[in-house]
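Please open the model in the viewer and keep the selection panel at hand. The tour begins with charged side chains and then turns to the sheet.

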Amino acid sequence: MDYIIETNTLTKKYGRKCAVNEMSIHIKKGDIYGLIGKNGAGKTTLMKLILGLTSADNGEIKLFGDMELSDARKRIGSLIEAPALYGSETAFENMKRFAILSPTPDDKIRRLLSLTGLEDTGKKKVRDFSLGMRQRLGIAVALLGDPEILILDEPINGLDPAGIKDIRDMILALNQSGVTFLISSHLLDELGKVATNYGIISDGVLTEEITSKELEEKCRTSLKAVTDNGARSAEILKAWKSDISVEVHDNSVYIMSEIEDSSEITKRLVNADIRVYEIRDESMSLEDFFIERMES
C-alpha cells in the first residue's frame, strides 16, 4: 500500500530522554489521522521530525512515496504550537507577509480568509483577536501554497465550543477537497468526530494504529465477564466457539460477538472450574479505550 506519510523506526533523543522511539506510522492520502497521547508523549516531536524542524537520530521518513524530502515538504502546510503572527497587523496584512514565501494573489488571500471565517475582520489588529480567531488565521497561513497535507498540533486547544465547531467544520471541508491531515489533540470526543485513523503514542512509542471503523467495533456494546482467570476464560470460550471475538484485560473478558444467551457463557466457565464474579453488558467509551492504551 502506498502512503503519503510513512516513518520507519523513527527515533529522536534529547539527552537520555527518547522522545520518539522507533516509531513507524502510516498515513494514506485523504486520511484525517488523529495522533493521541499524553503531554510529553512525543506527538509534537514526531510532527517536527516530519516537517524537518528537527533532525532524527535514526530511522526513515517517506513523504509522497520516495520523493526528495526537501521538495515534498513544500507540499505540506503546518501549524505547530501557537501560530507566530504579527499582532500589530490585520489578518490580511499577516497573510501578505507570509505570502512572500508562497507568492499568492490578493483575491486568493481573501478566499482563504473567507474559508477560515476571517473575511469580516477588516482593520482589526491580530492582537485583539480571540484565541479561536488566531488559530483560524494560523490555519489560513498554513493553506498558502495549496498544501496537500496539513499538520496541525492541538488546533482546538483552549477554544470555546463555537470555535471548536468552526475548526472541525473547516477540517472536514478541506478534507472533502482532497487535503490529508495529521492532527494531535487532547479532546478525544472532538477528534472522534473527524478522524478516519488514529495513532496512539505512549512515552515515545506508537502502541497502536487503528481505523475509526475498527475503533467503533471495539467500543460497541459487549459482554464483560469478570473471573478469577481472564486468560484461561478466553481459551475456554474460544474452544467453545472458534469464531468468537474476545479481549482480555487482567481478569476481565470482553466478548464482542453476539451471544443469544449469556447464561451459556457462565455455564461453560463454571464447568471448567472458573469462578465467575460478574457478567454484564458493557461498552467501552472512546476515552477509556485511548487511556488504557496510552498507559500501556
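The structure holds 15 salt bridges, each defined as a side-chain nitrogen of Lys or Arg within 4 Å of a carboxyl oxygen of Asp or Glu. The model is predicted: local features need pLDDT of at least 70 and side-chain atom pairs pLDDT 80 or more, while totals for chains, interfaces and linings use all residues. Residues are numbered from 1 along each chain as its sequence is written, and side-chain values use heavy atoms, with hydrogens and water left out.

Select D146 and K108, whose closest N and O atoms are 2.5 Å apart in a salt bridge. D146 lies in the loop between α5 (131–142) and β7, and K108 in helix α4 (residues 106–115), so this pair ties together parts 38 residues apart in sequence. Helices (H or I, at least four residues) and strands (E, at least two) are DSSP runs, numbered from the N terminus.

Next, select R97 and E89, which form a salt bridge at 2.7 Å, N to O. E89 is buried at 14% relative accessibility, whereas R97 is partly exposed at 40%; buried means under 20% relative accessible area, exposed over 50%, and partly exposed in between (1.4 Å probe, protein chains only).

Now display the strands. An open sheet of 6 strands runs in the order β6-β7-β8-β4-β9-β10, with mixed pairing; two strands pair if DSSP finds at least two bridges between them. The edge strands are β6 (76–79) and β10 (205–211), each pairing on one side only.

Finally, select β7 (residues 149–153) and β8 (residues 180–184): they run parallel and are joined by 5 bridges. Within β8, L182 is the bridge partner of I151.
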